[in-house]
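Please have a look at the sequence and the structure before reading on.

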Amino acid sequence: MDSRGPLALALILWFHCYGALSCPVRCTCHFGIQSIEAVCPDAALSRYPSDGLPGNTTSLTIQFTNLSSVSAQDLGATPLLQELHLPGNTLSSLPEDLLSALYYLHTIDLTGNQLKELPARVFYHAPLLNLVLKDNRLTSVDVDWLPTNSNLTWLDLSGNKLRKIPSALLQRLSHLETLHLSQNLLEALPAESLHSLYALERLYLDENKLHFLDAKAFSHNTNLTHLFLQRNKLQSLPATVFHGLDRLQYLDLSENQLTFLIPGTLGLGISWVELTFNPWHCDAKIEYLWKRLNNMAVKSEVKCASPEPLKNKALAALTRKELGLAD
């Protein structure tokens, strides 16, 4: 007897029991051996696609539709879900128990919705590793969004309306490796805001309104490899603000209001520093940066904004005499 017969019958029965070969209207389903991915990109979709969604779906994407609500009951029909992607919809709120039946969910992406505030414990129940809330309308962050023992490694809050660093929530995220806070309204970075983030490797603070950094702002983030501070309003930097960041590879300080750097600011280990589009004033006070540009590979073309005779000239190409330095 052909051994493939019983196997085929078993597969048919298995798929029949779980409805694994079905797929909702307006969606496309991809069936793998250990995974089922459903993708629903139809703009005409306005309700959660419950009908026909395989019960053992592991990845669900509903994107750029008119979906305005989703419930715990909706998601409970797919208890094996590992990834939930809901970008570009019209969600304005989420229920507190949204993820209560999803014991395997490690990623949720809510980019580009209309979320203004979220209830406490909204992300409490699933073992999340990646949480993306980019491009919403959030003005604050609740400390109880996540449990105290959260294993989150990726948090994206960029493109919102946050005016303060969500310090209380961050204290719960000792495993966090990547934090996106770009394109918010942050004005200050208090000394202890990031002290609990010992595992942090990538920090995005670009396109905010930061005008000052505390000297100890990053003192506990010794695993940082990439730090993005471009497009802020920084006029000066404490001499020791980047000290101790021995793993830092890339630092972006472009498009700020820096006119010079205090000696020792950049340390020795940073392999790439972006310094363009600052109003550098090329006189004797810029000697440290001038030497740094000539002696080490900063990989950034710094041009003078003033004084007028040196305007738009490359700092690295200037002579000691032009900078008013003694021979």
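Cysteine 282 and cysteine 304 are both buried. They belong to a predicted model, in which 3 disulfides are counted. With bonded cysteines counted along the chain, the pattern is 1-3, 2-4, 5-6.

**Cysteine 282 and cysteine 304**
- The sulfur atoms of cysteine 282 and cysteine 304 lie 2.0 Å apart and form a disulfide.
- This disulfide is left-handed, because the torsion about its S-S bond is about -100°.
- Cysteine 282 sits in the loop between strand E13 (280-281) and helix H4 (287-295), and cysteine 304 in strand E14 (residues 304-306), so the pair ties together parts that are 22 residues apart in sequence.

**Cysteine 23 and cysteine 29**
- A disulfide is formed by cysteine 23 and cysteine 29, with 2.2 Å between their sulfur atoms.
- Its S-S torsion is about 85°, so the disulfide is right-handed.
- Cysteine 23 is partly exposed at a relative accessible area of 29%, whereas cysteine 29 has 13% relative accessibility and counts as buried.

**Cysteine 27 and cysteine 40**
- Cysteine 27 is joined to cysteine 40 by a disulfide, with an S to S distance of 2.0 Å.
- The torsion about the S-S bond of cysteine 27 and cysteine 40 is about 105°, so this disulfide is right-handed.
- The pair links distant parts of the chain, 13 residues apart: cysteine 27 is in the loop between helix H1 (4-18) and strand E1 (28-31), and cysteine 40 is in strand E2 (residues 36-40).
- Cysteine 27 and cysteine 40 are both buried.

Definitions and conventions:
Residues are numbered from 1 along each chain as its sequence is written. This is a predicted model: local features need pLDDT of at least 70, side-chain atom pairs count only at pLDDT 80 or more; totals for chains, interfaces and linings use all residues. Side-chain values use heavy atoms; hydrogens and water are left out. A disulfide is a pair of cysteine sulfur atoms within 2.5 Å. Buried means under 20% relative accessible area, exposed over 50%, partly exposed in between (1.4 Å probe, protein chains only). Helices (H or I, at least four residues) and strands (E, at least two) are DSSP runs, numbered from the N terminus.
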